[in-house]
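Hi everyone, thanks for coming along. Today I'd like to talk about charged side chains, so let's bring up the structure.

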Amino acid sequence: MTADLSKGSRVSPLAAPLSAADIDEAARRISGVVTRSPLQFNERLSDATGANVYLKREDLQAVRSYKVRGAFNLMAQLSPEELAAGVVCSSAGNHAQGFAMACRSMRTHGRVYVPAKTPKQKRDRIRYHGREFIELIAVGSTYDLAAAAALDDVARTGATLVPPYDDVRTMAGQGTIAAELLDQLDGEPDLVIVPVGGGGCISGITTYLAERASGTSVLGVEPAGAASMIAALAAGQPVTLDHVDQFVDGAAVARAGALPYAALAAAGDMVSLTTVDEGAVCTTMLDLYQNDGIIAEPAGALSVAALLEADIERGSTVVCLISGGNNDVSRYNEVVERSLVHLGLKHYFLVDFPQEPGALRRFLDEVLGPGDDITLFEYVKRNNRETGEALCGVELSAATDLEGLLARMADSDIHVELLEPGSPTYRYLT
């Protein structure tokens, strides 16, 4: 799915809410606190695409994401009275860690509202970056409830809310990434690929490049299950998605920010948006780790996943933003699983065995090929061993082996149903 912003029906009449001058000011404001992240040439990706590919490593920030740029830039502009009243944010991820680091750097007391189900590892990292300057408050079962509690705090105490993306000061801070990469490259990039959640980062980067570069295009990438900015541009205003796949949690936003939307709509045809399947994101995460030693979170891998699917001009200069590396190692089983399914190497079947002895042995001997490996076998009815329906997961040596496996299944007297990814039965059983 791609959104073409050059089409008149998708361009907002609103003026851009941000300027490159705002971002230059932000760059001076955050210098000395926020790390100037490396811009690294990647030979593997360059060979694969024929382009000159660079990775902007925001995963190497102290908080392992770019979010500290926006939080610090916003807070640095508050008056002494506002700082004394305190600051508040709601987040269970990267924004909370950036906010916490900004509070400690400025010796300002802040409150972070997180959902009650937020893992201990994330809570510990927020506390580590904020130390005694952060109060962590767990409330509600969802992020929306935590966000509502943060807004109630602001209304009750007079504290200042620090939004993760829908504020020009946040957007300007995140846009400093573009100022850095222009300074780090010998010339202008032809394309910059940016992950998109609420839109603060891409709007800041696009705004800066529109004014400071003469021919650079921007490609924004959303996860296929959370394409809120594409929906906003199609509707002519931000809209709330009915359903959001939470896997790419750093970009799983149900509603794009109003100010980022306005900035992108005003940018015209220098920016386009696309989506990447969550399975492709998982494959990219594993490739980055195994080949480049980069631990990218799902949102952090979006740009490289899109690079490998895009029609990239040979010889062009491309920058991919690795936006974050806060990845929970306990999720890697799911990452590997989704990657195998995406590559066509993992399939699930409901196998209805004939009501006779030896049916399972015939399935193993006559249906499975020499390179097929059973990774899951479970009878659907626990009290019906050796006969009856079973859920079977099969990993293939090559995606092309599926055709032969299906042919052998068709020739067998054992009834087999292939479960299609995304179907209700597939989601329930796997």
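Let me start with one definition: buried means under 20% relative accessible area, exposed means over 50%, and partly exposed is in between. Keep in mind, please, that this is a predicted model.

Take Arg338, then. Its relative accessibility is 25%, so Arg338 counts as partly exposed. Its salt-bridge partner is Glu334, with 3.1 Å from N to O. Glu334 is partly exposed too, at 36%. Both residues sit in helix α14, residues 332–342, and they are 4 residues apart, about one turn of the helix.

Next, Lys346 and Glu337, whose side chains form a salt bridge at 2.7 Å, N to O. Here Lys346 is buried, with a relative accessible area of 7%, while Glu337 is partly exposed at 22%.

Now, how many salt bridges does a search of the whole structure find? It finds 21. One that I'd like to show you joins Glu180 and Arg69, at 3.0 Å from N to O. This pair links distant parts of the chain: Glu180 is in helix α8, Arg69 is in helix α3, residues 67–75, and they are 111 residues apart. Glu180 counts as buried because its relative accessibility is 12%, and Arg69 is buried at 0%. Both belong to a salt-bridge network that also includes Lys56 and Glu58.

Finally, the surface. Glu188, Asp190, Asp311 and Glu313 form a negative patch there. Glu188 lies in the loop between α8 and β8, and at 35% relative accessibility it counts as partly exposed.

That's my tour, and I'm happy to take questions!

Key:
Residues are numbered from 1 along each chain as its sequence is written. This is a predicted model: local features need pLDDT of at least 70, side-chain atom pairs count only at pLDDT 80 or more; totals for chains, interfaces and linings use all residues. Side-chain values use heavy atoms; hydrogens and water are left out. Patches are made of residues with over 30% relative accessible area and no salt bridge: like charges are joined within 9 Å, nonpolar side chains (Val, Leu, Ile, Met, Phe, Trp, Tyr) within 5 Å. Accessible areas come from the Shrake-Rupley method with a 1.4 Å probe; for residues, only the protein chains shown count as cover. A salt bridge is a side-chain nitrogen of Lys or Arg within 4 Å of a carboxyl oxygen of Asp or Glu. Lys and Arg count as positive and Asp and Glu as negative; His and the chain ends are not counted. The place of a charge is taken as NZ of Lys, CZ of Arg, CG of Asp or CD of Glu. Helices (H or I, at least four residues) and strands (E, at least two) are DSSP runs, numbered from the N terminus. Buried means under 20% relative accessible area, exposed over 50%, partly exposed in between (1.4 Å probe, protein chains only).
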